[in-house]
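Please keep the display in view throughout.

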Amino acid sequence: MLFVLIALWAIAAIIWLSDRRASVNHWLGAVAFSGGAGALAAVLDLQWLPAAAEAGMNEVAQQLLYRLQAVSSLISYYGLPYSFVLFAIAYRPVRLSKRFQGLLPFLLLVPIVLCVVFTPFYTILYPISFKIVVWWAVPYILYGAVQVLLKRQLHASFSRTHWIICSAVLPPVMFSMVMNYVLPSFGMLRMWVYNTWIVGLGVTVFVIALFTYGFMGVRVNIDRRRYDSTLRAVTSGTAILNHAIKNDAGKMRLFSEKMKAYAVATDQQELLADIETVLNASRHMQEMLQRVHRRTEDLVLRVEPADLAALIEQTIKGYEPVLGQIKLSTSLSQGWICRIDPAQVSEALGNIVANALEAMKDKGELFIQLSETKRELIIEIKDSGPGMSKSEMTKVLEPFYTTKSGSDTNFGLGLPYAYHVMRKHKGFLNLRSKPEAGTSVYLTFPKRAVQAGKSESE
């Protein structure tokens, strides 16, 4: 049980710290914390209290440990169904008025308050009145499980999180429902001792998923910090390099112009051709570096209201002449006005579209969709190109990484730039790709962050 205690509270801390403002993370962390509280009560009951008695601990200290056990046990029994049903409602939002949504946590708390006030207090054998609690705890958990299972994933990029929840969260919660509430209501007490293995399995799934795919934004935050620090390093490095080369290139041009004038005056055509080569090389070198610097420098957004669907249509219109045999199809939710930087978003979208067209090599299908969820607007750019392997996917957002070759104008900065633009808008850039199955890029704008609203004409 000590392992369960440490694991569940560690998971709760990870989920809470990954996104403190997200209600989904808030209540899922509470589910893990409640389970950990039950494990603490078990550790106190089976190990620490007997050890304290054998060691001759004074009566006051033993009473304090007993009270800690009682509080932990009640937090677990009452907190698990309560936090789980609120997590499920946050995970698959129910259409309710804002006033009722604010009252819902308090309304769901009523059975707990009544049980605490009107049922017998904690004892080791009967920590709660199982025959009463079962009538609200089981419906809470069953309703929450149905809500989670009925969650409809609009985008494949988010399906992993859903199935991780179904695999890592639902089995332990459902098993605990049977062992902690159903069977004890029939007189089969202390069945919680069998929760260890199923909780351990859920923890294993969570840990594997966390480090393989990411979960509830945790790995996303780690990757964001890595990409952000990389971009900052590249930005400062190119700024220093640009300044140094600009000075040296200026000297090269100055002396080359003098040499050019001398070659013209003395009619030395071979020397003149060599000098022109040096001048062209210095200009090309400085131009290339400036282009890199413009892509990596810190963005300053010029925010203004913009119709997101119209901006997408305008951006992709510029690529229609180069489509060739590529079939373009769109599905755009109309009328969403957002406060964004239209130029930067258009440039980011254009980079992704250009990458998709180049990957398909004049043959395939390009699908662009603007869809909405309760809290987000999502642009999906999906191509039928060759796709990417897992190793390529882990590097594709790193500056200067590119799968293309043979072009001195491609720096591997298109996707990092698009990522940077989305971060500036407090949004996300997600990718999903498999070899021979194409690539999908998702640009997610939180509605609150971009102050999204429907136009009056819609």
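Q: Where does Asp 267 lie?

A: Asp 267 lies in the loop between α9 (218–265) and α10 (269–296). Helices (H or I, at least four residues) and strands (E, at least two) are DSSP runs, numbered from the N terminus. The model is predicted: local features need pLDDT of at least 70, side-chain atom pairs count only at pLDDT 80 or more, and totals for chains, interfaces and linings use all residues. Residues are numbered from 1 along each chain as its sequence is written, and side-chain values use heavy atoms, with hydrogens and water left out.

Q: What is the phi of Asp 267, and is Asp 267 buried or exposed?

A: Its phi is near 55 degrees, a positive value in a residue other than glycine. For accessibility, buried means under 20% relative accessible area, exposed over 50%, and partly exposed in between (1.4 Å probe, protein chains only). Asp 267 counts as exposed because its relative accessibility is 56%.

Q: Which values describe the phi and the relative accessibility of Arg 190?

A: Arg 190 has a phi near 55 degrees, again positive in a residue other than glycine. Its place is in the loop between α7 and α8 (195–212). With a relative accessibility of 30%, Arg 190 therefore counts as partly exposed.

Q: How is Val 43 to be read, as buried or exposed?

A: Val 43, a residue of helix α2 (residues 23–54), has 0% relative accessibility and so counts as buried. Val 43 and Leu 2 are 41 residues apart in sequence, yet their C-alpha atoms are 6.2 Å apart in space.

Q: At what angle do helix α1 and α2 pack?

A: Axes are lines fitted to C-alpha atoms, for helices over the stretch in contact, and angles run from 0 to 180 degrees between N-to-C directions. Helix α1 (residues 2–18) and α2 pack at about 160 degrees, with their axes 8 Å apart. Angles under 35 degrees count as roughly parallel, over 145 as roughly antiparallel, 65 to 115 as roughly perpendicular and the rest as oblique. The two helices, α1 and α2, are therefore roughly antiparallel to each other. Their crossing is left-handed: in such a crossing the near helix is turned anticlockwise from the far one by less than a right angle, whereas clockwise gives a right-handed one.

Q: How do the axes of helix α3 and helix α7 cross?

A: The axes of helix α3 (residues 59–91) and helix α7 (residues 170–185) come within 12 Å and cross at roughly 140 degrees. That angle makes α3 oblique to α7. Contact means heavy atoms within 4.5 Å. On α3 the contact involves Ser 76, Tyr 77, Leu 80, Pro 81 and Phe 84, and on α7 Leu 170, Val 173, Ser 176, Asn 180 and Tyr 181. The crossing of α3 past α7 is left-handed.

Q: In what order do the 5 strands of the open sheet stand?

A: Two strands pair if DSSP finds at least two bridges between them. Here the order is β2-β4-β5-β7-β6, with mixed pairing. β2 (325–332) and β6 (428–433) each have a single partner strand, so one side of each is left without a neighbour in the sheet. The twist averages 10 degrees from one strand to the next. β2 and strand β4 (residues 363–372) pair in the parallel sense over 8 bridges, and Lys 327 stands opposite Glu 365 in β4. Helix α12 (residues 342–360) packs on this sheet, touching β2, β4, β5 (376–383), β6 and β7 (439–446), and its direction makes about 150 degrees with that of β4.

Q: Which strands form the open sheet with antiparallel pairing?

A: That sheet has 3 strands in the order β1-β3-β8. β1 and β8 are the edge strands, each pairing on one side only. Strand β1 (residues 304–307) pairs with β3 over 4 bridges, and the partner of Glu 304 in β3 is Ile 340. Strand β8 (residues 453–454) is joined to β3 by 2 bridges, with Lys 454 as the bridge partner of Trp 336. Helix α11 (residues 308–317) lies across β1 and β3, at about 70 degrees to β1.
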